[in-house]
Amino acid sequence: MTPEFNLIARYFTRPVKRAVLGIGDDCALIKVAAGCELAISTDTLVEGVHFFADANAEKLGQKSLAVNLSDLAAMGATPRYVTLALTLPSIDDAWLAAFSRGFFSLADEFDVELIGGDTTRGPLSITLTVMGEVEAKRALRRDGAVAGDDIWVSGTLGGAALTLMHLQNKIQLLPHILVRVEDRLHRPQPRVALGQALLGKATAAIDISDGLVADLGHICERSKLSAVIERHNLPLASALMSVSADLRTGLINACALSGGDDYELCFTAPGSARAQIELAGSTCGVAVKRIGAMKIYDPDQLVKVIDASGQDVSPKKSGFDHFAVTPVN
């Protein structure tokens, strides 16, 4: 057996569950439940761009799957299958054992089956394709928002970006503050159950990967609307409220509005659904908060951020730009 196939057999091959045919052939064969559509998303994580060179391998294995499951959550889909392509500088057994352990810990939690992929040699990068099922014509999309809809977010915002700023030595968090927030960057929680609970209630949804303003802007673009965010109503990571007052406003803009990696859901829903949305969040054990409203399309400003007095306080930077990126390390 070649080193490549030995690597796959040792760290990533498991018995087939739902798939008709999994790892070991030219293609996987899968089934989709009757009356369902297949939701598919692909994402790549690159060393030095999306994670540090010395990133903990077990946490990285978990995060690489979590950020992809977050895309399925934003569609209200039930995760089913995943493929994994690893580009590795060398075969490091300790790294692979830790990475696969983290990867499969989350795969088991969400009952996701690894059905194929690829390995090759080169600078470290991780590419996953996830597949999930959602009832036909019920998936949450970006193009369904209606003027007057409420804008909601799940969880809290800004913790992941705040942690990254600390790791990049842009700010210094006290140890007791860092320990409260660092898992937001290293171990994001995909809101799969909430996404499913929002089916038939929310009108549009997206996961917050590149920053709230940027990602809400995608809903605006697809729905041909604009949005107003009330900054004073944002559910902020507690660590953001622990920094000195003179830094807080700037960090709220940089982390909660423009920072990426939160992987919370941002979604829209009619005002008549408020009680249902709050019940969905409560049932799933996830806090949900109304933060603004969708408006008639304004070609000059897709997403406007206002303070408690109604003044425009929109940040200059809307979010992460993959082709104008400052590397993480």
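Author: R138 is partly exposed, with a relative accessible area of 34%; that term covers values between buried, under 20%, and exposed, over 50%, taken with a 1.4 Å probe on protein chains only. R138 forms a salt bridge with E135, and their closest N and O atoms lie 3.4 Å apart. The term stands for a side-chain nitrogen of Lys or Arg within 4 Å of a carboxyl oxygen of Asp or Glu. E135 is also partly exposed, at 44% relative accessibility.

The model is predicted, so local features need pLDDT of at least 70 and side-chain atom pairs count only at pLDDT 80 or more, while totals for chains, interfaces and linings use all residues. Residues are numbered from 1 along each chain as its sequence is written, and side-chain values use heavy atoms, with hydrogens and water left out.

Side chains of opposite charge can pair when their charged atoms come close. The structure holds eleven salt bridges. One of them joins D111 to R18, with 2.8 Å between the closest N and O atoms. This pair links distant parts of the chain, 93 residues apart: D111 is in the loop between helix 3 (93–109) and strand 3 (113–121), and R18 is in the loop between helix 1 (3–11) and strand 1 (36–46). Helices (H or I, at least four residues) and strands (E, at least two) are DSSP runs, numbered from the N terminus. D111 is partly exposed at 34% relative accessibility, and R18 is partly exposed at 22%.

Another salt bridge brings together the side chains of R274 and D150, at 2.7 Å from N to O. Here 124 residues separate the partners, R274 lying in helix 10 (residues 274–284) and D150 in strand 5 (residues 150–154). D150 is buried, with a relative accessible area of 5%, whereas R274 is partly exposed at 33%.

Strand 5, which carries D150, belongs to an open sheet of six strands in the order 6-8-5-9-7-10, with mixed pairing. Two strands pair if DSSP finds at least two bridges between them. Strand 6 (204–207) and strand 10 (303–306) are at the edges with a single partner strand each, so one side of each has no neighbour in the sheet. From one strand to the next, the twist averages 25 degrees. Axes are lines fitted to C-alpha atoms, for helices over the stretch in contact, and angles between N-to-C directions run from 0 to 180 degrees. Strand 7 (residues 226–230) and strand 9 (residues 288–295) are antiparallel and share four bridges, and A227 stands opposite M294 in strand 9. Helix 2 (residues 57–75) packs on the sheet, touching strand 6 and strand 8 (265–269), and its direction makes about 175 degrees with that of strand 6. Contact means heavy atoms within 4.5 Å.

Helix 8 (residues 212–223) has nine of its twelve residues buried, so it is largely enclosed by the rest of the structure. Among the buried residues are D215, C220 and S223. K224 follows helix 8 and has a positive phi, near 60 degrees.
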